[in-house]
Amino acid sequence: MMKRPTSPLTGFLQRFPLSITALRFWRMRQWLTAALSGLAVGLLLGFVTVLIPNNDFGRDIPPTMWSYPVWIATSILSGMLIASYIRPAAPEAPANVKEPKDNASKWGMTGGFLAWFAVGCPVCNKIALVAFGYSGAITYFAPLQPWLATAALAITVLALVFRLSGQMECKLVAARAAEPERTNA
């Protein structure tokens, strides 16, 4: 059993090798799901932020040079995170074993939401526009966007690493947690 880390960075560093190992066990089903869902996330995010030019949405300020790599990385990481929820063909644990609580989906959604704010037009974002006004969105919100992009990618990477490493942890730990406690009377 893995020792409880003293800091989030230590926990990440302990879990990273496990997450790489988990990817080695993925089958075609998981990789295909990752590719298709990453493409779907990429199209959706690119379409609404006008990184993919279209006639349905507009953008007053052109995208920054870092918007495209953030958009692509977010799409790939989100696709892999979605694919991590695809179960292998054979069951891994008995039916009475409850899955541990998983916050990776919340982290992944948060990362995607932050990426949307990061790569979108600062003055086309209605929330930033209402909060800061047009000139305030350019003056105050636009400089925050690279930080939002960094946070979005970091949160999504953390979610993916914790989700994948959880696939490699011992199922016995989960089985013990599902058993009722025995008391010595």
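Predicted model: local features only at pLDDT ≥ 70, side-chain atom pairs only at ≥ 80, totals over all residues.
View 1. The protein has seven helices and zero strands (DSSP runs of H or I with at least four residues for helices, and of E with at least two for strands, numbered from the N terminus). Of its 185 residues, 33% are buried, meaning under 20% relative accessible area with a 1.4 Å probe, counting protein chains only.

**View 2. Helices α4 and α6 side by side.** Here α4 (residues 104-119) packs against α6 (residues 145-168) at about 160°, with the axes 8 Å apart. Axes are lines fitted to C-alpha atoms over the stretch in contact, and angles run from 0 to 180 degrees between N-to-C directions. That makes the pair roughly antiparallel, the word for angles over 145 degrees. Look for Trp107, Leu114 and Phe117, among the α4 residues that meet α6, and for Leu148, Ile155 and Phe162, among those on the α6 side; contact means heavy atoms within 4.5 Å.

View 3. Leu129 sits in helix α5 (residues 126-141). It's partly exposed, with a relative accessible area of 28% (that class runs between the buried limit of 20% and the exposed limit of 50%). Setting aside neighbours within four places in sequence, Leu129 touches Val123 and Tyr134. Its C-alpha atom is 9.1 Å from that of Phe141, twelve residues apart along the chain.

**Notes.** Residues are numbered from 1 along each chain as its sequence is written, and side-chain values use heavy atoms, leaving out hydrogens and water. Local features need pLDDT of at least 70 and side-chain atom pairs count only at pLDDT 80 or more, while totals for chains, interfaces and linings use all residues.

How values were computed
Parallel < 35°, antiparallel > 145°, perpendicular 65-115°, else oblique.
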